[in-house]
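Subject: Structure handover

Hello,

Please find the structure below, followed by notes on what was found in it.

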Amino acid sequence: MKAQGAVRWFAALFALICIYQLSFTWIASNVEKKAKAYAKGDEATERRYLDSIADQEVFNFLWLKKFTYAEVRDQKLNLGLDLQGGMNVVMEVEVQDVIRALSNQSKDPGFNRAMDLATQRQASSQSDFVTLFVQAYREVAPNNRLASIFATRENQGRVNFDATDEEVIEVIRAEAESAIDRSFNILRTRIDKFGVTAPNIQRQQGSGRINIELPGVDNPDRVRKLLQGTAKLEFWETFEAAEVLDRMVEINKYLAAETKLGTTAKTDTTLSGSSSTTAPGDTAAPSDNALMQNLAAADTSAAGDTSAAGLARTRQENPLFAVLMPAIFQDKDGSSKVSQGPVVGTSAARDTTLVNAMLARPEVRNFMPRNLKLLWTVKGRGDGNKFFDLIALKKRGNEDKAGLEGDVVTDARESIDPFGKVEVSMTMNAEGAKRWRRMTADNIGKSVAIVLDDYVYSFPTVQSEISGGMSSISGNFTTEEAKDLANILKAGKLPAPARIVEEAVVGPSLGKEAIQSGLWSIVLGLLLVLVFMAVYYAGSGMIANAVLFVNIFFIFGILASLQAVLTLPGLAGIVLTIGMAVDANVLIFERIREELARSKSMRQAVSDGFSNAYSSIIDANVTTILTGIVLYVFGSGPIRGFATTLIVGILTSLFAALFLSRIIMEYYVAKGKTISFGNAWSLGLFNNLNYDFLGKRRLWYGVSLVVIVAGLVSMATQGFNLGVDFKGGRSYVVALDSDRNASEVRTALAREFGSAPEVKTFGGDRQFKVTTTYKIQDNSETVDLEVENKLWEGLKGFYSQAPDQASFKNQFLMSSQKVGPTIADDIKASAIWSILFALIAIFVYIVIRFRKWQYALGATVALAHDVLVVLAVFSLGWKWMPFSMEIDQAFIAAILTIVGYSINDTVVVFDRLREDLADRKLTADLKIMNGALNTTLSRTLITAFTTVITVVVLFLFGGDVIKSFSFAILLGLIVGTYSSIFTASALVLDTVKWVEGRSKAK
């Protein structure tokens, strides 16, 4: 092989990169083990420990670069929700509410009929809501223009009375897109503040949906409230820092005294400044000198001692100021001054929780004025944006209420001032303008804080009284920051609530079971493949085994470098890759065997074997990659994880088989050593085969036709066991503490739900999967909790000791899934399109590669045959099989995997047929076609066997969650091997004969 040196260097560099990427996972795992040991099972303590060391160095890579724990954690190979527990949510922004608000809640009958009609159609349409509304409005009010609805006072300047429908539609779309962006940003901020490790939030492009993954979440109710709550936009008056810092000094003294005494101080302390009745704004602010003397006395720096003992002493002597740096600075003369503005102090991100806990204590609250409210800024600053400012807000009276709320804002947008600086222009309604004028007049020279969901987004200084309701907010904004602030301000204008349309919750115990079963299936599957290759191919099999280990190492290294999330289907993809990874080696070894049988030297046989196998290997794997790409594009969540693993596995397998295997073999050959490619029994197993596969093709056509027709009849009569992915509803996996019958569980739950839900055993007689459509159309915030409560009420009588509601959810509710009707329809549509696109992509590739449509037609019909047979078995068998045979997104992944695997086999046969024909045209030569099938039979059956044994392991030990998935792949492997031998080539033969017959007839 040419360029062996380059390949060696590349492989070595590739291995080093994989080691580097995987080292982050190893380091992070060690740190997290220490955190678990420190916390002794207390998750809150463990989380605080990890937060406290987030910016501490934990990894020094060869003294070249140092990494903090936060940086290491961000680059490690993360586990998916199904492997560690957590919550996955798909939220959909209510564009209907955006349009109604844009119309100023129009009472026009035509408008409201159109809105109702569009809402009905949305449940079964793939079009966006704006398109559906426009279509419906033109149906119900064909003679009316949209401008008559949307040319309101609030939309002045954007929608005129003489605007065309197209112009109005453009404005509606822009507002809908803006509302989705606002919701995305608000949700992202809420999640960032939720305290979840490695959350993931992404917009689903082309829709109003937002996908959110929250690993490790154990309180779904809190998440639902957090995500579905309406955004709260407020404008607050503020205190100056100098008005508040004296109280912070007193709090610091109090906490220090309490720490020194080691007891809880009395709440009626007589320390100066502890009165809870006088607000700083009601008295003269302390002089800068007096305040600075108090702050200096606090000695927050502990004389610059940064040792562990010094830091401990600082925290003891100044508990508050050790974690909250007061807002003071040094002027040009070197004297300390209190900063102007409402910033009281600054804390590192890890310390904000501790500051909150200190200031929330009832006895500490007594030191503060009653009209003081303290909130953090939403964005960090400083190195790595790790420091947050604490802002002093001023309540009106004693009510915890802002001076002005966001519902008065009618518009906000980024703009450029006369000096070329970026600013934000804001417009309010009449009532808001009146109150805004009064607020700005009372606070000239002070700040007004813009607060969303209890986080301060901006606190601009008021320069003068603002009348008329139009104002601008200036600052050192970038265009992006101005746009974000404008979106925040508009959150008060257009109510665009986001509701949960799909949800999956996996309990941590189920995740641990999935990890254990997944790892066992990988180890056992790998072991069986290694044993088979060593026994069947002897010395060359050992080379393939060594390369297989390198291949698995590369897979994990690449997944780590991509920062991919390893899911249970992803583990299944690795198991499947182990089986398929030997495919290229098998093809090469069989080719080398053929060359050795022709009495060629070992060196020449190895060279020719690799050269002759290249075409088949590339064609077979490209077609499989095409199905993986389709799966990635149309899939979501864990299915994408499976597609990623499959694609990466195919690419690394190609590199390992084509290059690494060859380098090793040529090294041995160059040393004069002989490589064995089998033993006495395996070398003669497939010799001199001459089966007439195609002579009885009509019989095999008949067998396939009978199965497919029976399946079609079953599909039309009893249908499929559709999962909630495809029909909508809620599904729960529940564990009991004793064996029970599914029918009695169903009867008990029917009393609660009003109708009997679907109840099936799930991995044993103590675990059940319950599926119900109860109130699936209800979008209220409390409906999920209501359904879970009914589930608990119906099942608690089955326990030897009835668990309370909290114990039931934490210990016995293993997982839950919710899919709304609209998204279920979308999932069905994307599943159908993904299969069709895969078939079309493969058809086009084979036409281009083989230059004959007969090959493409034979392959594509054979693939359709495989899909239909698997569907037939799932329709015929789901009622009596002892395990779940659900049709869900994982099943579609299995179908596409079957398509990729089956075409892999078929292409190898076609490639040998093309080679045997040499320069002759494609003719209906039964002997040549049978010869191609016989010479490739060993490769077909051996590859099928190695893949089947790994999938059998996956089916038996991979866990109940993917049992249906693995069964579909197992069935597909068998059917795909059958169709590659008996269907695809037979169809090529018959189509060629048909073309030849037509030519002769002419």
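I start with Pro460, which is in contact with Lys446, Ser447, Val448, Ile450 and Ile473 when its neighbours within four places in sequence are left aside (contact means heavy atoms within 4.5 Å). Pro460 sits in the loop between strand E18 (455-458) and strand E19 (470-474). Helices (H or I, at least four residues) and strands (E, at least two) are DSSP runs, numbered from the N terminus. From Pro460 to Gly341 the C-alpha to C-alpha distance is 9.4 Å, and the two are 119 residues apart in sequence.

Before the rest, a note on the source. This is a predicted model, in which local features need pLDDT of at least 70 and side-chain atom pairs count only at pLDDT 80 or more, while totals for chains, interfaces and linings use all residues. Residues are numbered from 1 along each chain as its sequence is written, and side-chain values use heavy atoms, with hydrogens and water left out.

Glu594 belongs to helix H19. Not counting residues up to four places away in sequence, Glu594 touches Arg912 and Thr935.

Next, the helix pairs. Axes are lines fitted to C-alpha atoms, for helices over the stretch in contact, and angles run from 0 to 180 degrees between N-to-C directions. Angles under 35 degrees count as roughly parallel, over 145 as roughly antiparallel, 65 to 115 as roughly perpendicular and the rest as oblique.

The axes of H30 and helix H33 (residues 963-982) cross at roughly 25° and come within 9 Å. That angle makes H30 roughly parallel to H33. On the H30 side the contact includes Ala890, Phe891 and Tyr901, and on the H33 side it includes Phe965, Gly972 and Ser980. The residues of this contact divide into eleven nonpolar, eight polar and one charged. Here Ala, Val, Leu, Ile, Met, Phe, Trp, Tyr, Cys and Pro count as nonpolar, Asp, Glu, Lys and Arg as charged, and the others, Gly among them, as polar.

H33 also packs with H32, at an angle of about 170° and with the axes 9 Å apart. H32 and H33 are therefore roughly antiparallel to each other. Residues that meet here include Leu937, Val948 and Phe955 in H32 and Lys963, Phe967 and Ile981 in H33. By class, the contact of H32 with H33 has 14 nonpolar, four polar and one charged residues.

For helix H26 (residues 783-795) and helix H27 (residues 805-812), the axes come within 10 Å and cross at roughly 90°. H26 and H27 are therefore roughly perpendicular to each other. Leu785, Glu788, Asn789, Leu791, Trp792 and Leu795 in H26 meet Gln805, Phe808 and Lys809 in H27. That contact has five nonpolar, two polar and two charged residues.

Last, the cavities. On a 1 Å grid over the protein atoms alone, a cavity is a set of points where a 1.4 Å probe fits but cannot get out, and lining residues have an atom within 4 Å of a point. Grid points are joined across faces, edges and corners, and a volume is the space filled by probe spheres set on the points. The structure holds seven cavities of 30 Å³ or more.

The largest cavity has a volume of about 140 Å³. Of the 15 residues that line the largest cavity, Met580, Ala581, Asn621, Ile650 and Ser653 are the closest to its centre. Its lining has seven nonpolar, six polar and two charged residues.

The second largest cavity has a volume of about 100 Å³. Twelve residues line the second largest cavity, and Phe634, Gly635, Ser830, Gln889 and Ile892 lie nearest its centre. H28 gives the most to this lining, with four residues. By class, the lining has seven nonpolar, five polar and no charged residues.

Regards

Conventions
On a 1 Å grid over the protein atoms alone, a cavity is a set of points where a 1.4 Å probe fits but cannot get out, and a pocket is an open set with protein on both sides within 12 Å along at least five of seven lines; lining residues have an atom within 4 Å of a point.
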